[in-house]
Amino acid sequence: EVMDIDEEDPLLLFGDGHHEACLGEWRNERLQVLIRLQGGRLILESGKKELVLSDVPPDPDVPWLRTAGAPCEWSVADAATPDAPVYLCRVMGYGRDTRLTLEPPKHKGGNFKAV
């Protein structure tokens, strides 16, 4: 899917479309995932598995959080069970220091964290 470039904000710094932060290929020595936009949905692809990313609503008590450099967050679930997330996906940092993490949601417990 091709995105239109906003001439006044080509880097998408001032809009509310924060989901672009996670698009692309992410890899380290243990994990390789591709996050793409397909049919208006964010899809995380790892091996033969495809999962759907959904926005995590910002905390209403902290409305400035998304614009203050805080991590962008998505819940990651199987398309058949979108209300049962298997991971929480976060993108933090800028430039070469940008990191994507996948960790189990708080209600699932566990301490595995992929960075």
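Which residue does the side chain of arginine 36 meet in a salt bridge? The partner is glutamate 45, at 3.0 Å from N to O; a salt bridge here is a side-chain nitrogen of Lys or Arg within 4 Å of a carboxyl oxygen of Asp or Glu. The points below set this pair in its context.

1. Basis. This is a predicted model, in which local features need pLDDT of at least 70 and side-chain atom pairs count only at pLDDT 80 or more, while totals for chains, interfaces and linings use all residues. Residues are numbered from 1 along each chain as its sequence is written, and side-chain values use heavy atoms, with hydrogens and water left out.

2. Secondary structure. The protein has seven strands and zero helices, and its pattern along the sequence reads β-β-β-β-β-β-β. Helices (H or I, at least four residues) and strands (E, at least two) are DSSP runs, numbered from the N terminus.

3. Strands 1 and 2. Strand 1 (residues 24-27) pairs with strand 2 (residues 32-38) in the antiparallel sense, over four bridges; two strands count as paired if DSSP finds at least two bridges between them. The hairpin that joins strand 1 to strand 2 runs through four residues. Tryptophan 26 has valine 33, in strand 2, as its bridge partner.

4. Five bridges pair strand 3 (residues 41-46) with strand 4 (residues 49-55) in the antiparallel sense. The bridge partner of leucine 44 is leucine 51 in strand 4. Two residues lie between these strands in their hairpin, and glycine 47 in the turn has a positive phi of about 65°. Strand 4 also pairs with strand 5 (residues 72-77), antiparallel and over four bridges; here valine 52 stands opposite alanine 77.

5. Core. The largest nonpolar core has 16 residues, and those with the most contacts inside it are Cys22, Ile35, Leu53, Trp74 and Leu100. Such a core is a set of buried Ala, Val, Leu, Ile, Met, Phe, Trp, Tyr and Cys residues joined through side-chain atoms within 4.5 Å. Two or more core residues come from each of strand 2, strand 3, strand 4, strand 5, strand 6 (87-92) and strand 7 (99-103). Isoleucine 35 is in contact (heavy atoms within 4.5 Å) with Cys22, Leu23, Gly24, Trp26, Leu42, Ile43, Leu44, Leu53 and Leu100, leaving aside its neighbours within four places in sequence.

6. Burial and surface. Of the 115 residues, 26% count as buried; buried means under 20% relative accessible area, exposed over 50%, and partly exposed in between (1.4 Å probe, protein chains only). The protein exposes about 8300 Å², of which carbon and sulfur atoms supply 53%. These areas come from the Shrake-Rupley method with a 1.4 Å probe. Among contacts between residues at least 6 apart in sequence, 25% join residues at least 24 apart.

7. Salt bridges. The count comes to six. Arg36 and Glu45 belong with Glu50 to a network of salt bridges, and glutamate 45 is partly exposed at 26% relative accessible area. Arginine 90 takes part in two further pairs, with glutamate 73 and with glutamate 103. In the pair with glutamate 73, the closest N and O atoms are 2.6 Å apart. Glutamate 73 lies in strand 5 and arginine 90 in strand 6, so this pair ties together parts that are 17 residues apart in sequence. Arginine 90 counts as buried, at 17% relative accessibility. Its salt bridge with glutamate 103 is 2.8 Å from N to O, and this pair links strand 6 to strand 7 across 13 residues.

8. Cysteines. The structure holds zero disulfides, a disulfide being a pair of cysteine sulfur atoms within 2.5 Å. For cysteine 22, the closest cysteine sulfur is in cysteine 89, 5.8 Å away and too far for a bond. For cysteine 72, the closest cysteine sulfur is in cysteine 22, at 8.2 Å, again too far for a bond. Cysteine 22 is buried at 0% relative accessibility, and cysteine 72 is buried at 14%.

9. Serine 54. This residue is found in strand 4 and is partly exposed, with a relative accessible area of 29%. Not counting residues up to four places away in sequence, serine 54 touches Glu73, Trp74 and Ser75. Serine 54 and aspartate 83 are 9.8 Å apart in space, C-alpha to C-alpha, and 29 residues apart in sequence.
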